[in-house]
Amino acid sequence: MKQEHLTGLLTLITLVVGGLLGVLWSAHTALQAELKDSNAQFNNLRVEIAKEYITGPQLEKRLDSAIQPLQDSMKLIASQQQQLMQLVAKGQSDK
């Protein structure tokens with residue numbers, strides 16, 4: 001009788017420990033899958049952020065292309081101003 005109780009007790013302990021290991025293993029597998037998905041999302045995000053960076057020469061080129069039309073307009077305005085000043089000066093000398 002004691003042998004049967006001991007066998008039953010060992011069987012019960014084995015089932016409980018096996019069940020706990022099964023639960024832990026399934027939680028581990030689920031967590032591993034979630035981490036894999038999170039890493040994939042993080043890597044995609046990191047790549048998208050890196051696409052937005054530009055180098056120093058690229059920045060200078062962009063600034064030059066943006067500033068050049070403004071400089072051309074300022075030169076045109078300055079030449080028109082000089083022409084107007086010459087006309088005003090000429091008009092005052094004629095009086």
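View 1. The protein chain folds into two helices and zero strands, where helices (H or I, at least four residues) and strands (E, at least two) are DSSP runs numbered from the N terminus. Its radius of gyration is 41 Å, well over the 12 Å that the globule rule gives for 95 residues, so the chain is more spread out than a compact globule. That radius is taken over C-alpha atoms, and the rule is 2.2 Å times the number of residues to the power 0.38. Along its principal axes, the C-alpha trace spans about 140 × 25 × 10 Å. Please keep in mind that this is a predicted model: local features need pLDDT of at least 70, side-chain atom pairs count only at pLDDT 80 or more, and totals for chains, interfaces and linings use all residues. Residues are numbered from 1 along each chain as its sequence is written, and side-chain values use heavy atoms, with hydrogens and water left out.

**View 2. The surface of the chain.** Buried residues (under 20% relative accessible area, 1.4 Å probe, protein chains only) make up 0% of the 95 residues. The protein chain exposes about 9200 Å², and carbon and sulfur atoms supply 65% of that area; accessible areas come from the Shrake-Rupley method with a 1.4 Å probe, and for residues only the protein chains shown count as cover.

**View 3. Leu 12 in helix H1.** Leu 12 is found in helix H1, residues 2-51. Here Leu 12 is partly exposed, with a relative accessible area of 49%; partly exposed lies between the buried limit of 20% and the exposed limit of 50%.

**View 4. Thr 29 and its distance to Pro 69.** Thr 29 also belongs to helix H1 and is partly exposed, at 38% relative accessible area. Thr 29 and Pro 69 are 40 residues apart in sequence and 60 Å apart in space, C-alpha to C-alpha.

**View 5. Pro 57 in helix H2.** Pro 57 sits in helix H2, residues 56-94, and is exposed, with a relative accessible area of 61%. From Pro 57 to Ser 73, the separation is 16 residues in sequence and 25 Å in space, C-alpha to C-alpha.
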